[in-house]
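These exercises are for a reader who is new to the structure shown below. Each one sets a task and then works through a solution.

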Amino acid sequence: MVTETPETTAGPGGADTQSNGGPTGAVPGPGGGRVALVTGANRGIGRVIAQRLAADGFRVAGTHRSGDVPAGVLGVRADVTDVEQVDAAYKAVEAELGPVEVLVANAGVTRDTLIMRMSEEDWDTVLETNLTGTFHVVKRAARGMVRARSGRIVLISSVVGQLGSAGQVNYATSKAGLVGMARSLARELGGRGITANVVAPGFIETDMTADLDEKTVAGYQAQIPLGRMGTSDDVAAAVTFLAGPGGAYVSGAVIPVDGGLGMGH
Ligand SMILES: NC(=O)c1ccc[n+]([C@@H]2O[C@H](COP(=O)([O-])OP(=O)(O)OC[C@H]3O[C@@H](n4cnc5c(N)ncnc54)[C@H](OP(=O)(O)O)[C@@H]3O)[C@@H](O)[C@H]2O)c1
């Protein structure tokens, strides 16, 4: 694993970390210097979540398979489907910043097609990334959080996990599974001071939705009470709430960030 920036250092466990100008110390703010890890922090929603957490005073690490994490974030290479890469990434973060106190499991993929055309590979790729990959990062985070008797786990699901979506049987199944995962974690780990919640975005402008044709986008917008697609900032605001002081007594919740599309589901 080699990062693309010249400023790399091999972390313990073999993970490469990318210094990228920070994080160097606690910035005043609601994060209070607590350590947060965001998966898929190189682009899209995860990138903006990492930036917002850093701006709020968290010391932030972000996983990336490709590209770079934003300035002020510690980059660690990891494919979430590979349990050894996940462990190496955690070891690198723990060595550089300390134990992970906030986990945002954001990495995800789509392989959309109708059920009759959906291949085993389409199914496996989406379930292995969105559901099993999240299990890997959550399980590894739980170790340190249980020891610390404190932690915040935020899983990025989707409105379609509850609404369903034609052409997304694999994706909707994976995202619905995250709700069961978070609620089980909330019950299992609540006694150790750990919260577990889901943020369920609607249609957000990122690479994931960039290929949708104008007619499809117009169709979606017509169903959204607020009449627009969301932004990564809209999603990051909910995540920073759950990670910050305001989220202390929120657990087992599914927080929609969808302009009203799912009507609270
Ligand atoms: N955009 C939307 O409308 C929308 C709506 C609801 C929910 N969501 C969810 O929000 C999350 C972020 O979506 P996005 O729109 O920001 O998507 P995106 O722009 O396609 O970015 C996906 C991110 O996940 C990473 N990733 C994918 N597979 C990975 C793996 N196996 N291991 C590690 N990282 C992996 C990608 O890394 P690489 O760059 O290396 O591929 C990238 O950083 C996803 O879970 C998605 O399902 C998005």
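**Exercise 1. Sort the shell around the ligand by residue class, and find which residues come nearest.**

Step 1. By class, the shell holds 9 nonpolar, 16 polar and 4 charged residues. Here Ala, Val, Leu, Ile, Met, Phe, Trp, Tyr, Cys and Pro count as nonpolar, Asp, Glu, Lys and Arg as charged, and the others, Gly among them, as polar.

Step 2. There are 29 residues around the ligand, and G40, G44, R65, G108 and T206 come nearest.

Step 3. Two or more residues of the shell come from each of α1 (44-55), α3 (120-148) and α6 (207-210). Helices (H or I, at least four residues) and strands (E, at least two) are DSSP runs, numbered from the N terminus.

A note on the model: it is predicted, so local features need pLDDT of at least 70 and side-chain atom pairs count only at pLDDT 80 or more, while totals for chains, interfaces and linings use all residues. Residues are numbered from 1 along each chain as its sequence is written.

**Exercise 2. Describe the chain as a whole: how many helices and strands does it have, and what percentage of its residues is buried?**

Step 1. The chain has 8 helices and 9 strands.

Step 2. Of its 265 residues, 48% are buried. A residue is buried if 20 or more other C-beta atoms lie within 10 Å of its own, exposed if 12 or fewer, and partly exposed in between, with C-beta atoms placed from the backbone.

Step 3. Take the contacts between residues at least 6 apart in sequence: 70% of them join residues at least 24 apart. Two residues are in contact if their C-beta atoms, placed from the backbone, lie within 7 Å.

**Exercise 3. Decide why helix α8 can be called largely enclosed, and find what covers it.**

Step 1. Helix α8 runs over residues 232-243, which makes 12 residues. From its first C-alpha to its last it reaches 16 Å, close to the 16 Å expected at 1.5 Å a residue. The expected span is 1.5 Å times one less than the number of residues.

Step 2. Because 9 of the 12 residues of α8 are buried, the helix is largely enclosed by the rest of the structure. Among them are S232, V235, T240 and L242.

Step 3. The cover over these buried residues includes the helix α1 and the strands β3 (35-38), β6 (102-105), β7 (151-156), β8 (194-201) and β9 (254-257).

Step 4. D234 also lies in α8, and it counts as buried because it has 20 C-beta neighbours inside 10 Å. The C-alpha atoms of D234 and G259 are 9.6 Å apart, although 25 residues separate the two along the chain.

**Exercise 4. Find which residues touch the most other members of the largest nonpolar core.**

Step 1. The core has 69 residues, and A36, I49, V93, L103, V104, V199 and V239 touch the most other members. A nonpolar core is a set of buried Ala, Val, Leu, Ile, Met, Phe, Trp, Tyr and Cys residues joined through C-beta atoms within 7 Å.

Step 2. Helix α5 (residues 169-189) gives the largest share of this core, 7 residues.

Step 3. Leaving aside neighbours within four places in sequence, A36 is in contact with L53, F58, V60, E101, V102, V104 and A243.

Methods:
A residue is near a molecule or strand if its C-beta atom, placed from the backbone, lies within 6 Å of it.
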